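Take a look at the chain below. Start with its charged pairs, then move on to helices and surface.

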Amino acid sequence: MKAMVYYGPGRKEWTDVPDPQILEPTDVIARVDTTTICGTDLHILKGDCPEVESGRILGHEAVGTITEVGAAVTELKVGDRVIIPAVTNCGKCSYCRASKPSHCQTVGGVGWIFGYMIDGTQAEYVRIPYAETSLHLVPEGLEDDEVLFLTDALPTGFEMGILNGQTKPGDTVAVIGAGPVGLGAIMTANLCGAGRVITVDMDENRMRKALELGATDMVNASDPDFIEKIKALSPDGLGVDVAIEAVGVPATFDTCLKIVRPYGHVANAGVHGKSVDLPINTLWISNVNIAMGLVNCNTVGNLLNMVRSGRLNAKAMATHYFSFDEFEKAYDLFSNAAEHQAVKVVISR
């Protein structure tokens with residue numbers, strides 16, 4: 001089969017590799033029908049995740065069709081269309097039983113294994129461990145691109161941003177970064193009743209997209225007074241209730257610390273490639289809560305119900321479509337997303 005293979009920082013290739021095989025009775029093999037590229041894939045290519053071995057197939061988001069099932073699989077069958085989330089769930093360890101599969105203990109203490117610890121979804125076929133506790137069936141009548149972004153971007157924005165930020169009805173929420181994860185937070189902010197949702201970025205096109213998807217206000221981070229302008233949008237000018245970092249660089253994390261109000265919440269959803277400074281000597285007196293973490297994907301079922309009912313338009317994130325033989329072109333475009341006004345790419349057979 002063909003797959004996108006990582007060969008070390010800055011090196012990847014859409015090339016021939018062996019087909020995946022069933023290794024455990026709880027595995028299934030799925031034909032990958034549609035997949036996408038994540039900002040985390042770009043972090044891997046930059047060398048930000050040195051634990052990813054050369055020869056690893058990239059990708060952790062896909063919609064596919066089951067072609068083979070392991071001996072212990074009884075609730076899934078060949079031909080089922082499935083959503084393949086970024087995080088697998090063994091269903092048995094203490095973390096999975098507590099609905100925290102991001103730290104599933106059965107494979108190295110982490111639930112994100114596709115394209116990281118095992119071969120991923122940017123391929124014609126993929127092996128899926130713990131299939132029955134990890135996969136979601138695609139409801140009849142829904143197309144791949146209507147559910148594709150439930151695999152990572154939307155649940156990450158919702159869980160790591162909105163939920164970790166303990167968003168309450170009426171809260172003022174600022175999302176720093178209008179990329180896929182930031183847009184995921186913006187699109188799901190209303191699920192917790194946010195009163196005002198501010199998109200903050202330097203890219204006017206992405207912020208306009210954020211306004212289409214649920215943001216109420218936009219502030220350009222290139223404005224010298226952008227911190228004051230964000231705080232001015234809170235009811236009393238003291239700052240936002242929830243500041244969501246959705247980029248993964250020190251400057252945007254620092255912005256969150258500067259705009260959050262006393263007793264507010266900073267929720268870090270971005271993937272950082274280097275450490276950030278935490279001025280705890282001045283921050284402690286503000287009673288600010290800081291949360292961070294890896295998505296659990298335990299809200300995929302809830303988000304899928306909202307897509308099915310028409311209340312959540314997950315497909316709206318898609319801006320560019322490619323075929324499998326255009327994988328390299330898709331990577332080139334996504335690596336220069338601002339130049340091409342790209343949010344998420346859809347790559348299908």
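What follows is a short walk through salt bridges, a helix pair and a surface patch.

The model is predicted. Side chains of opposite charge can pair when their charged atoms come close. Here the count comes to 18 salt bridges.

Begin with Arg31 and Asp33. Their closest N and O atoms are 2.7 Å apart. Arg31 is partly exposed, at 29% relative accessibility. Asp33 has a relative accessible area of 12%, so it is buried, the limit being under 20%.

Now go to Asp217 and Arg196. This salt bridge also has its closest N and O atoms 2.7 Å apart. Asp217 sits in strand 11 (residues 217-220) and Arg196 in strand 10 (residues 196-201), so the pair ties together parts that are 21 residues apart in sequence. Asp217 counts as buried at 15% relative accessibility. Arg196, at 31%, counts as partly exposed.

Asp254 is partly exposed at 31%, and Lys258 is partly exposed at 46%. Elsewhere, salt bridges link Glu53, Arg56 and Asp119 in a network.

Next, the helix pair. The axes of helix 6 (residues 180-188) and helix 7 (residues 204-212) come within 9 Å and cross at roughly 25°. Angles under 35 degrees count as roughly parallel, so these two helices are roughly parallel to each other. The crossing is right-handed.

Leu278, Ile280, Trp284, Ile285, Ile290 and Met292 make a nonpolar patch of about 670 Å². Leu278 lies in the loop between strand 13 (260-268) and helix 10 (280-283). Leu278 is partly exposed, with a relative accessible area of 43%.

Technical notes:
Residues numbered from 1 in each chain as written. Predicted model: local features only at pLDDT ≥ 70, side-chain atom pairs only at ≥ 80, totals over all residues. Heavy atoms only, no water. Patch = residues over 30% accessible without salt bridge, like charges linked within 9 Å, V, L, I, M, F, W, Y side chains within 5 Å. Areas by Shrake-Rupley, 256 points an atom, 1.4 Å probe, with all protein chains shown as cover. Salt bridge = Lys/Arg side-chain N within 4 Å of Asp/Glu carboxyl O. Helix = DSSP H or I, 4+ residues; strand = E, 2+ residues; numbered from the N terminus. Buried < 20%, exposed > 50% of the residue type's maximum accessible area, 1.4 Å probe, protein only. Axes fitted to C-alpha atoms, helices over the stretch in contact; angles between N-to-C directions. Parallel < 35°, antiparallel > 145°, perpendicular 65-115°, else oblique. Left-handed = near helix turned anticlockwise from the far one by under 90°.
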